[in-house]
Number of protein chains: 2
Amino acid sequence: MGFLLLKPEEIQDLVQMDEAIEAVEKGYAGGKKYPFINAPRRRVHSPAGVRISNFPGGVDEMGVIGAATRADHVIQLDEGKNQEYSYREHPIHVLNDADTGQLLSIVVGEPVEKSLGYTSLVALRTAATSGVGFKYMVRQDAQTAGLLGSAGQAANQLLALLSVRPEIQKVKVFSRNEENRAKFSRKYSQKFGLEIEPVASIEAAIKGVDVILCATNTNVVLFDGDLLEPGQHVTGIIGGNMQLVQGGFLKAARREIDDRTVERADVVVANLRESVISEQQGDLYEPIQRGIISIEDIIELGSLATGEATGRNNDEEITYHKNNNGTAASEIAVAMLVYEKAMANGRGTMFDLIESEALMKGFAK
Amino acid sequence: MGFLLLKPEEIQDLVQMDEAIEAVEKGYAGGKKYPFINAPRRRVHSPAGVRISNFPGGVDEMGVIGAATRADHVIQLDEGKNQEYSYREHPIHVLNDADTGQLLSIVVGEPVEKSLGYTSLVALRTAATSGVGFKYMVRQDAQTAGLLGSAGQAANQLLALLSVRPEIQKVKVFSRNEENRAKFSRKYSQKFGLEIEPVASIEAAIKGVDVILCATNTNVVLFDGDLLEPGQHVTGIIGGNMQLVQGGFLKAARREIDDRTVERADVVVANLRESVISEQQGDLYEPIQRGIISIEDIIELGSLATGEATGRNNDEEITYHKNNNGTAASEIAVAMLVYEKAMANGRGTMFDLIESEALMKGFAK
């Protein structure tokens, strides 16, 4: 018996976006079939601002159960309107065999999409989770997208969309920084082989497009839901957790999408309803508190994957996927994919693990 | 930058019980001063019966925050009255610096009390947590103890008691297996230098003693609370979680201590109230449901350590510590102690960790 230790530089070129989307879909579908295998993310904070995000759970179809742990040193900016990280540690993924419990691997580092390379943390699994939503919620004939944000998360979100809707032909990208949006346009129009137009406002980015991708790090609402047009799909990626507010790091719950969007959306999907409640995530928790929507009205992502629910009923509906946070269904799914690829490619270092009986014999007193 | 990888055989002889009790006390006291640093244990289960127990949190006074993960393959016996493990994997402890977020160590393996050696899993931190309760709840003049159970957990519990009440002179030990209780008596009376009498019933073990230590793996009540005598302290160690019942592994919530004990106890302490509710732990959750006690009546262990609450008001009170489950306050405290000792003793293997900037440079595309 032994386990494979994988380090960050050993896992940078192993996984494709379409494979990651497939794995994450297995994760959320499995969590619907057997809910006890998945749990909400839980966060704890140190007084100095170090945040641990913890993801226990597994993907039975992939034969894995375990937990992922991320440590970030969070700094609040602009009186809590934005946040940045003074340090983000490589995440740690503990992977055990779902049938025996045996430790398979400790994956240290962020799983990365191989064609995009290392961009930013949580970019791949967040985008792959959006990808499951795109698959079931974006119109089949979608051809255009509006992208808010121009960093690594934006590139990964766009690639996830292209993976399930390859016929997308035109993208408008907005970033507060003019240079950044121009740079994104140049780099990724070439890489993805499509037209990417940098635009100067959020309103311009979302007007007339079929899909709206939020890929910023905002703590406040990005646009007015009244601007949405029939047939559009919106994906938001900001979860946020009440501990940030209770711990004094933030003045109010993080928002990204407004109440009006929730009100207008015909279909509202979240990754895991339990997280909405347990973390009091502003974008859905506040509309629930105000009576705009009830928790039962929110469809879980896994229900789209199992076919229990429909992500879009016609081409006129406004659909909204709150990719509200990672859970083990995505974290462990993608890490397991990394482990499988690493094994196939001879990556990493195998460590023997002493058996408990030998330990007891050798160290009994 | 780098992290220290510690393997099971490298951490067997590093920690003393009194040090572990002190560390766990810091953990629970810190969780009272800054609650966002600690969280309840969360468990997830695979369909095949692999259970992941996950413990996010830290101990600010020790400069650590992180998460521990345990994987066990659980098998139910006697129609769910007892359980055993077909496989228990070495636990994994991820330790990050509470000030910077940097990964300090990955500790693979069970931290073990150095004079007792490897006995059973979770024995040290469970006993050290009981030890914090003993310190504040057991009568100062206590001289006798009744011990239910005769395996590794029992030895560790007894050592924890002796660490804070060295004047204990006589112990009665009960185990269903006659040979086991005789063996325990022979081995540990010599090791601890006191009289240990094997007795043939639970009733005999608890009659007339000052402290009652439960150290079995039962799923059902051990004794009738009416048998308790004034001045006695009881510590129970079974938590249990509703997911076991919901997942079909158990027919009813695990019990160890009855409702009558809760009714008669003048002081009831639990490690973390949130776990009682979130896991619907039978020994306290069911009495709450029946109106015997309210959640507010339960004192948290950390409140004894900070001095906010009193564990015992006089020598006549019956006191009851439900050591309801490990949390990061104990798991991470003991693992950090192991890491500190390992560093001081040159144990383990240091691994360099590539910086994110170098990763981005080397693997950008």
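Visitor: How many salt bridges are there between domain 1 of chain A and domain 2 of chain A?

Guide: This is a predicted model. The count between domain 1 and domain 2 of chain A is 2 salt bridges. There are also 4 residue pairs in polar contact between these domains, both residues at pLDDT 80 or more.

Visitor: Which elements supply the side of domain 1 of chain A that touches domain 2 of chain A?

Guide: α1, β2 (42-45) and β5 (82-88) of chain A each supply at least two residues. α1(A) gives the most, with 8 residues.

Visitor: How is chain A divided, and how much area is buried between the domains?

Guide: Domain 1 covers 2-117 + 327-354, and domain 2 covers 138-322. The contact takes 27 residues from domain 1 of chain A and 36 residues from domain 2 of chain A. About 2600 Å² is buried between the two domains, and carbon and sulfur atoms give 57% of that area. The domain centres, taken over C-alpha atoms, are separated by 23 Å.

Visitor: How should I read a helix such as α1(A), and what span should its residues have?

Guide: An α-helix has 3.6 residues a turn, so residues three or four places apart point the same way. At 1.5 Å a residue, the 17 residues of α1 (residues 17-33) of chain A should span 24 Å, and the end C-alpha atoms are 24 Å apart, which agrees.

Visitor: Why is α1(A) described as largely enclosed by the rest of the structure?

Guide: Because 12 of its 17 residues are buried. Among them are A:Met17, A:Ile21, A:Val24 and A:Tyr28. The cover over the buried residues of α1(A) includes α2 (123-137), α3 (152-164) and α11 (328-344) of chain A.

Notes:
Residues are numbered from 1 along each chain as its sequence is written. Chains are lettered from A and ligands numbered from 1 in the order in which they are written. This is a predicted model: local features need pLDDT of at least 70, side-chain atom pairs count only at pLDDT 80 or more; totals for chains, interfaces and linings use all residues. Side-chain values use heavy atoms; hydrogens and water are left out. Helices (H or I, at least four residues) and strands (E, at least two) are DSSP runs, numbered from the N terminus. The expected span of a helix is 1.5 Å times one less than its number of residues. Buried means under 20% relative accessible area, exposed over 50%, partly exposed in between (1.4 Å probe, protein chains only). Contact means heavy atoms within 4.5 Å. Domain bounds come from an automatic or database domain assignment. Buried area is the accessible area (1.4 Å probe) that two parts lose on being put together, summed over both. A salt bridge is a side-chain nitrogen of Lys or Arg within 4 Å of a carboxyl oxygen of Asp or Glu. A polar contact is a pair of N or O atoms within 3.5 Å; within protein, one must be able to donate a hydrogen and the other to accept it, and residues adjacent in sequence count only if both atoms are side-chain atoms.
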